[in-house]
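Hello,

Here is the structure you asked about. My notes follow below it.

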Amino acid sequence: IHFYLQPEILPELQDTLRRSITELGGEIDANVPDKGYVLADLHNPQSQQIFQLFTPQRWVVPLTFVEACKAAGAYIKPIFLEEGVPMPIHVHESIANLKFREALYEKILFCTGFPYATLDSARVIIADSKTSVFSALVKHYQLTPHKYIESLEWVDKCIERQEVSFTPHVFKNPGGRRAGEERTQFTEEDERKLCEWIAAKIPFKSTGGRTGNKLYQQLCEMQRNHPEYAWVTRHTWQSWRERYKKNAVRLDKIVDNIVSTTKPNQGEKWQYGYVRQDDDKPRKKRKLSSKHEEFVVGSSGAGKKPAHPGPTEQLSQAISANSPLGQLAGILRLAPPENGEDEWKIKIGNNLSPSWTKSKGSSEPEEDSDTKRAKSEYVSPYSSKFSSKLTIINHFSEPPAMTDDTLQLAIRAAVAGHVLDQNLSEIAQQSRFTVEEVREYYDKCGGDLERTGRRFHKMRAHLNALTDEE
């Protein structure tokens, strides 16, 4: 057997190869032989260009080929060949072990195969049969001619037998009709008529998918009153749908060709999803009641919500049992109707109803003129008076409408008071003092929450440091 050593091989490595080849009875040629082996470093991507020297009787192998024959005790034959050229083989990335991949590359190269082929150009794809990738590759390429998916053991089996054989594709009897499979085979005419129906109903796929049940149910209903749709009865609506789903890419092209001929406009009559636009209705002006509207906190409310909610409705919608303002349900609570009136009044906390909520003819004594004067008192949520209620007292001879500013003020005040209560409770719990003691000092120090926390933690630390004798 004649060998040729590439000039790029290191001199000391060339000397070792010459000795090994001579000892095994081989010959070394000064020029590329017409028949024999060319030794090269094929792990280097640049050196892979030497595969161009391949001929049916001249093969390119890696430098380790000689030592591999010596270790095997026999000449390794060139078996991974197709018409005299290396067989393109792809080692799939599902084989994650790098050392195993390198060993697989060398075995294929020793037998004159080409293991660096791409997934598409490969004749054989080697993958790990124990992974889901293997099954996916088999299913994807099972109908591709002259392409095989083989397991890790395939290379060793071929070398052992000294010939290449592929795992055949065996047809498995499905054992009857599968779910969704048509009872009657589809013809080209069936597909053409189906595509014409789809083109008429959904000419533009961008406006909606073509796999909905209704599209094919309507198709089958057409045969009842339209004799020209008698052909629909050849299959069930499920079968028409499955036919499209399994061949969507191919049938979409037929639909596009039909649409390009008929040239319909998007949204034309008879298309699927075509709806006549409603006539414009004159908008009714909302009649504002002279009396104030209902304000129910935490109630689901009967009747429809107004199209454009006012400040009162906005606050009621903003506060729900699941929102951070849910505590307002206990602060602003429902006041029942008085004297049989239809509307509802605002009642705040447990305070008495303001004077403007009293109906005419009420038996309650009339307040003095000083009380009737418009005045407003706002109690800071950081004050001790703001414990668990919202205290907003408004006295007006005529109640004002609830403005956006009032709404935001009520929300901010409720949130601030709720957060303050939580913070004071946390200080009391952590320092193991009562909430009343914490709140009393908080008011005394001018509402400094950080100072209050330091004070009680320091007091607790001092108490803990005291001995029993002290």
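Ile 89 has Val 124 in β8 as its bridge partner. The two strands involved, β7 and β8 (residues 124-126), pair in the parallel sense over 3 bridges. Two strands count as paired if DSSP finds at least two bridges between them. Strands are DSSP runs of E, at least two residues, and helices are runs of H or I, at least four residues, numbered from the N terminus.

This is a predicted model, where local features need pLDDT of at least 70, side-chain atom pairs count only at pLDDT 80 or more, and totals for chains, interfaces and linings use all residues. Residues are numbered from 1 along each chain as its sequence is written, and side-chain values use heavy atoms, with hydrogens and water left out.

The sheet: 3 strands make an open sheet, ordered β7-β8-β9, with parallel pairing. β7 (89-91) and β9 (148-150) are the edge strands, each pairing on one side only. From one strand to the next, the twist averages 20°. Helix α3 (residues 98-110) packs on the sheet and touches β7 and β8. The direction of α3 makes about 170° with that of β7. Axes here are lines fitted to C-alpha atoms, for helices over the stretch in contact, and angles run from 0 to 180 degrees between N-to-C directions. Contact means heavy atoms within 4.5 Å.

The cores: the largest nonpolar core has 41 residues. Leu 39, Phe 65, Phe 80, Ile 89, Ile 126 and Trp 154 touch the most other members. α3 supplies the largest share of this core, 5 residues. A second, separate core of 21 residues includes Ile 198, Leu 215, Trp 231 and Trp 240. A nonpolar core is a set of buried Ala, Val, Leu, Ile, Met, Phe, Trp, Tyr and Cys residues joined through side-chain atoms within 4.5 Å. Buried means under 20% relative accessible area, exposed over 50%, partly exposed in between (1.4 Å probe, protein chains only).

The cysteines: how many disulfides are there? The count is 0, with a disulfide taken as a pair of cysteine sulfur atoms within 2.5 Å. For Cys 111, the closest cysteine sulfur is in Cys 158, 8.8 Å away, so it is too far for a bond. Cys 111 is buried, at 1% relative accessibility. Cys 220 is also buried, at 17%.

Ser 129 is partly exposed, at 37% relative accessibility. Leaving aside neighbours within four places in sequence, Ser 129 contacts Phe 134 and Ser 151. Ser 129 and Ser 151 are 22 residues apart in sequence, yet 5.4 Å apart in space, C-alpha to C-alpha.

Best wishes
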